[in-house]
Amino acid sequence: MVDISTTIASVKLDSCVFNASGPADVTLAELEKIARSKSSAITMKSCTLEAREGNPEPRYADLIDGSINSMGLPNLGYKAYVEFSQLLNKKYKKPVVASISGMTLEDNIRIFEAFNDSPVDFIEFNPGSPNTIGKPIVGYDMQLMDKLLKAVSKACKKPFGVKLPPYFDVVHFEEVAKVIKKYPVKFVTCINSIGNGLVIDPKTEKPLIKPKGGMGGIGGKYIKYTALANVRRFYELFNGKIDVIGVGGIYSGVDAFEFILAGASAVQIGTAYLQKGPTIFAKVQNELKNIMKKKNYKKLSDFRGKLKTLD
Ligand code: RRO
């Protein structure tokens, strides 16, 4: 028997494949759809203090090998997600994950405190969204990251991790890791969409999405290699002390296998879930199990992080 169970922040997950926070995890109906699927956890949409409509439409487009979005954090406000976590926890036997993306330090503290009294199993702090008009990607400002993580660490009584934007420079990986290691961060999720891409339709001579002159976060297969590099580098820098969750272009068991080889303890599915629907979770899990059988791996720790070298 092949075992693809895992733990994130010491929370047991029946399989290492679950949904990423995203545009199809906003309402209770959408979350129940994930609950009924083979996703091993239910990750909710990033939330803010107040409900938000998000950016003007069109704000999401499927591309041949991925997606572009500038949703602008549409969500029902944190109180709805505290309530949903109670309902989901009662009705379904799988971990519930909150995602928090407050607009200010004070908002983040209030939201984290509210989830302390909820049944969520762990929390993903999201300072990496590229789509809040007029706001920079917080994950690229190390001083602000430090300030936010300090405050959040104090406010939060649940296990929490950080969803990181992609980094592209070796020096930046080290800088972020240094900040994260100062706080009781249990996991990092690599990566958020690659910010501020532009997709143009040559027929209409217009961008595909409306906000920010057409600029939005790129997801799907286009970002897999950046995601793998981020997983690998953070896995090495954290030395097994902080779990790494991989996300970015996972459509198949081979993709999941590569992420685990790079060091991921679990993988999340974002764009592929939007495009393929809830059967994607079982598909990736079954394909991963088949690869493991062929290679005679019985559990994830048989190969996690064990990327071989060329020499
Ligand atoms: O809602 C969004 O526009 C959004 C968020 Br919060 C995020 O973290 N990543 C993304 O690609 N879009």
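## Asn126

Asn126 sits in the loop that links E8 and helix H4 (142-155). The model is predicted. Asn126 has a relative accessibility of 9%, so this residue counts as buried, the cut-off for buried being under 20%. Leaving aside residues up to four places away in sequence, Asn126 touches Ser46, Ser99, Ile100, Ser101, Lys163 and Asn192.

## Lys163

One of the contacts of Asn126 is Lys163, which belongs to strand E9. Lys163 is buried too, because its relative accessible area is 6%. Residues up to four places away in sequence again set aside, the contacts of Lys163 include Ser21, Glu124, Phe125, Asn126, Thr189, Ile191 and Gln268.

## The sheet

Strand E9 is part of an open sheet of eight strands, in the order E3-E16-E15-E10-E9-E8-E7-E4, with parallel pairing. At the edges are strand E3 (17-19) and strand E4 (42-43), each of which pairs on one side only. E3 pairs with strand E16 (residues 266-269) in the parallel sense, over three bridges. Phe18 has Gln268 in E16 as its bridge partner.

## Binding site and cavity

In UniProt, an unreviewed entry carries the annotation "binding site" for Ser21, Lys45, Ser46, Asn126, Lys163, Ile191, Gly220, Gly248, Gly249, Gly270 and Thr271. Of these residues, the lining of the largest cavity includes Asn126 and Lys163, and also Ser21, Lys45, Ser46, Ile191, Gly220, Gly248, Gly249, Gly270 and Thr271.

Terms used. Residues are numbered from 1 along each chain as its sequence is written. This is a predicted model: local features need pLDDT of at least 70, side-chain atom pairs count only at pLDDT 80 or more; totals for chains, interfaces and linings use all residues. Side-chain values use heavy atoms; hydrogens and water are left out. Two strands pair if DSSP finds at least two bridges between them. Helices (H or I, at least four residues) and strands (E, at least two) are DSSP runs, numbered from the N terminus. UniProt positions are given in the numbering used here, feature names are shortened, and annotations may be inferred rather than shown by experiment. On a 1 Å grid over the protein atoms alone, a cavity is a set of points where a 1.4 Å probe fits but cannot get out, and a pocket is an open set with protein on both sides within 12 Å along at least five of seven lines; lining residues have an atom within 4 Å of a point. Buried means under 20% relative accessible area, exposed over 50%, partly exposed in between (1.4 Å probe, protein chains only). Contact means heavy atoms within 4.5 Å.
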